[in-house]
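Here are some notes for someone opening this structure for the first time.

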Amino acid sequence: MHKFLLLFGLIMASMIGAKAQSYVDFVEKSYEYLDKEDLPAAAESLRAAMRLEPGNPNNYALLMNLGTIQRRLGEMDEALTSYNAALGQQPQNLLILENRATLYTEMGEIDKALTDYNTILSLNPDHQEALYCRGMLYLQKKLFVAAEDDFERIVNINERSVKGRFGYAILEKLRGNYFESERIFNFLINEMPRAWYLYEGRADLYFMMGKNARAMADINKLFVETEPTATLYVLRGKVKIAQYEKESAAQDFRKALEMGYDPKVISELLKMTE
């Protein structure tokens, strides 16, 4: 009898514990999983919270977080569904719009990303991140005047903006104004010597200028100070070809391919090493 009561008590305790898993518990658990880099478990915790309280007015935030986790997992279509659902509840939420615009950019949906950035800027004309991202997308579409307008607005809002001036550096590079672009990069790197993305931008510029030794100096610094990206391996490979190091260049291109770089681009680059 005592054993039965003890067993019954354990069952009841477990049932109470299960019921104690509240909406807040699931949300907090998702953050714990994120700290452990367990993204699937974090996503499931958010889904569990929303299943428990589907009408909770805070679900838009959970949907946004879920979308971001799905993006990190490479589940782009699922992330878009989550962001769309979040915007269905908060159609003018700038943070959700910004996240969806970033996702569209990653998916190559440039026009849709531009639409979201236009919406953000209609709600907040001084949104510097949206201006910068829209300007960079304009550069992809070779809409140089529109891009310049956005970068100029950023600098007018914040004259010390690094992103605004970085945008100008990329713009001048694409226009072929290499020396002006170099001047801006040098200024920015002098101001922010540990902003590593500036070195990659300048290395690419040096490569376009035929200053391959300088390009390699910036690239080598990045390989020492940062975790190299596939793009950086490709850039180093291009510089090595210019320096007649074809075998070593091919190794860099193959490494970039392993890291997920566009196979068609790598195929064409490898032909240059034969």
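1. Helix 7 and helix 8 are in contact through Ile-110, Ala-113, Leu-114, Tyr-117, Asn-118, Ile-120 and Leu-121 on the helix 7 side, and Ala-130, Leu-131, Cys-133, Arg-134, Leu-137, Tyr-138 and Gln-140 on the helix 8 side. Sorted by class, this contact has eleven nonpolar residues, two polar ones and one charged. Note that the model is a predicted one.

2. The geometry of this pair is as follows. Helix 7 covers residues 110-123, and its axis comes within 10 Å of the axis of helix 8, with a crossing angle of roughly 150°. An angle over 145 degrees counts as roughly antiparallel, and helix 7 is therefore roughly antiparallel to helix 8. The crossing of helix 7 with helix 8 is left-handed.

3. Helix 4 (residues 59-72) and helix 5 (residues 76-89) form another packed pair, at an angle of about 165° and with axes 8 Å apart. The two are therefore roughly antiparallel to each other. Helix 4 and helix 5 cross in a left-handed sense.

4. On helix 4, the residues that meet helix 5 include Tyr-60, Leu-63, Met-64, Leu-66 and Arg-71. On helix 5, the partners include Met-76, Glu-78, Ala-79, Tyr-83 and Gln-89. The residues of the contact of helix 4 with helix 5 comprise nine nonpolar, six polar and two charged.

5. Helix 10 and helix 12 have axes 11 Å apart and pack at an angle of about 15°. Angles under 35 degrees count as roughly parallel, so helix 10 is roughly parallel to helix 12. Helix 10 passes helix 12 in a left-handed crossing. Helix 10 contributes Val-162, Phe-166 and Lys-173 to the contact, while helix 12 contributes Tyr-197, Leu-198, Gly-201, Asp-204, Leu-205 and Met-208. By class, the contact of helix 10 with helix 12 has six nonpolar residues, one polar and two charged.

6. Which helices each supply at least two residues of the lining of the largest pocket? They are helix 8 (128-140), helix 10 (162-175), helix 12 (196-209) and helix 14 (230-242). The volume of the largest pocket is about 760 Å³.

7. The lining of the largest pocket consists of 19 residues, and those nearest its centre are Met-136, Gln-140, Ile-170, Lys-173 and Thr-231. Two of these names have come up already: Gln-140 of helix 8 meets helix 7, and Lys-173 of helix 10 takes part in the contact with helix 12. By class, the lining of the largest pocket has eleven nonpolar, three polar and five charged residues.

8. Glu-37 has a positive phi, near 60°, and is a residue other than glycine. Glu-37 sits in the loop between helix 2 (23-35) and helix 3 (39-52). Tyr-244 is not a glycine either, and its phi is positive at about 65°. The loop that holds Tyr-244 runs between helix 14 and helix 15 (246-258).

Key: Residues numbered from 1 in each chain as written. Predicted model: local features only at pLDDT ≥ 70, side-chain atom pairs only at ≥ 80, totals over all residues. Heavy atoms only, no water. 1 Å grid on protein atoms, 1.4 Å probe; cavity = no way out; pocket = protein on both sides within 12 Å on 5 of 7 lines; lining within 4 Å. Points joined across faces, edges and corners; volume = space filled by probe spheres on them. Helix = DSSP H or I, 4+ residues; strand = E, 2+ residues; numbered from the N terminus. Nonpolar A, V, L, I, M, F, W, Y, C, P; charged D, E, K, R; others polar. Axes fitted to C-alpha atoms, helices over the stretch in contact; angles between N-to-C directions. Parallel < 35°, antiparallel > 145°, perpendicular 65-115°, else oblique. Left-handed = near helix turned anticlockwise from the far one by under 90°. Contact = heavy atoms within 4.5 Å.
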